[in-house]
Amino acid sequence: MKITNVQATTHNVPVPVPLMDEPVMRPFVFCQVDTDAGVTGYGISGPIQRKAVREHINAELGPLVTGMDPMDTERIWHLCYVEHNPRSQTGVWSSALSAIDIALWDIKGKALGVPVWRLLGGAQPNVPAYITFGLPEYTEEQLVQVARDFVAQGEDKLKMVVGVAGDHQAWREDSDRVHAVRDAIGPGVQLSMDANYMFQFNNALNLAKAVEECNVEWFEEPVWGNDAPLLHELRMRTSIPLSAGQNEGHRFRARELLVHQSIDILQPNVVYCGGYTEGMKFAALAQAFNLPIANGGGWPHHNMHLQAAVPNGWRIEYHYVMWKCGEMVFDGCVGPRQGWTAMPETPGLGLEPKWDALAEWRE
């Protein structure tokens, strides 16, 4: 079997969200890899530098891998690395290769009649799942209402965004929002918070101390740039577990977080880190440090396969916008049910594109 064509396109999907009049736009890169055996794989990457990612796939990585055997995922990954990223830069290259690698594993699973999560290791047929409900656009009252609605549906693990003020330093407002949600959902529901690396160290520490009594499950990407030494310092000064890694494009950045003892949870995201081939290396590194991995950065229908593949896979993130975006552009999406995801047995990723939707929202 040989790769005959690689094509990437960009799309921008208007996702309706609860309690909001206007949809939230969610851009992404879609990648199709065709073979001479008639087996086609589909991958994605996220919105970051998406037009550059699209062009890198179409003009450079795609032509490079055309003619190769799609089953040789390690060979293809290493060739792309040597030819286009020998100094281990992250960004466009990592995102572009992620989309291709995901599609290659989709092909491999379809060709062998096995779901990707089983090909990668098959450690867990059922994986804990959490809902990222707390969008920054919500008022405090809306946050409380949406959180209560998910709890009423049986979901027991929730996450909300902090760093919502315009200057990303109004930690007192974030503290009020976290306390309001905790009071609304009670002590039995897990609650995490995600700063999207938007805090200065002192404000991250202030917020952590202000909400420690709320029994926060983890504080995600609390400081600018995922600065490993600063994360370590924060970790030593709060009882709240820290997590990071969702936008890191190489195992080498993950190693930095682990060696510095910066985090309690490593968060590879296969649409950014280099796909499943590199995502498995993230997972192995974390396991060597006796740490779990958890999906951060959304795109659950692709990341669930990594979480289910390994014994230290700990959480699938159903970020509401990316969760529903996936359902709008793919058939076969599997959602959470009362805090768990039962992994599909469909070969490959189990996802088939909705071509009309992709065409409607193509950029």
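In which sense do strand E4 (residues 126-134) and E5 pair, and over how many bridges? Strands E4 and E5 pair in the parallel sense, over three bridges, where two strands count as paired if DSSP finds at least two bridges between them, and where helices (H or I, at least four residues) and strands (E, at least two) are DSSP runs numbered from the N terminus. The chain passes from E4 through helix H5 (residues 140-152) to E5 in a right-handed β-α-β crossover, a term for a path that, with the strands pointing away from the viewer, runs clockwise from the first strand over the helix to the second.

This is a predicted model, in which local features need pLDDT of at least 70 and side-chain atom pairs count only at pLDDT 80 or more, while totals for chains, interfaces and linings use all residues. Residues are numbered from 1 along each chain as its sequence is written, and side-chain values use heavy atoms, with hydrogens and water left out.

Within E5, Lys159 is the bridge partner of Thr132. E5 is also joined by five bridges to strand E6 (residues 190-194), again in a parallel arrangement, and Met160 stands opposite Met193 of E6. Because five of the five residues of E5 (residues 157-161) are buried, this strand is largely enclosed by the rest of the structure; buried means under 20% relative accessible area, exposed over 50%, and partly exposed in between (1.4 Å probe, protein chains only). Both faces are covered, with Lys157, Lys159 and Val161 buried on one side and Leu158 and Met160 buried on the other.

| Residue | Location | Relative accessible area |
|---|---|---|
| Ser262 | loop between helix H9 (251-259) and strand E9 (265-266) | 0% |
| Arg54 | helix H1 (residues 50-65) | 19% |

Not counting residues up to four places away in sequence, Ser262 touches Ala228, Leu231, His232, Arg235, Leu242, Glu256 and Leu257. With neighbours within four places in sequence left aside, Arg54 is in contact with Ala8, Thr9 and Thr10.

The largest pocket holds about 520 Å³ of space. Of the 27 residues that line this pocket, Arg26, Asn196, Gln246, His319 and Met322 are the closest to its centre. On a 1 Å grid over the protein atoms alone, a pocket is an open set of points where a 1.4 Å probe fits, with protein on both sides within 12 Å along at least five of seven lines, and lining residues have an atom within 4 Å of a point. Strand E2 (24-35), strand E11 (313-319) and helix H12 (320-329) each supply at least two residues of the lining.

Key: Points joined across faces, edges and corners; volume = space filled by probe spheres on them. Contact = heavy atoms within 4.5 Å.
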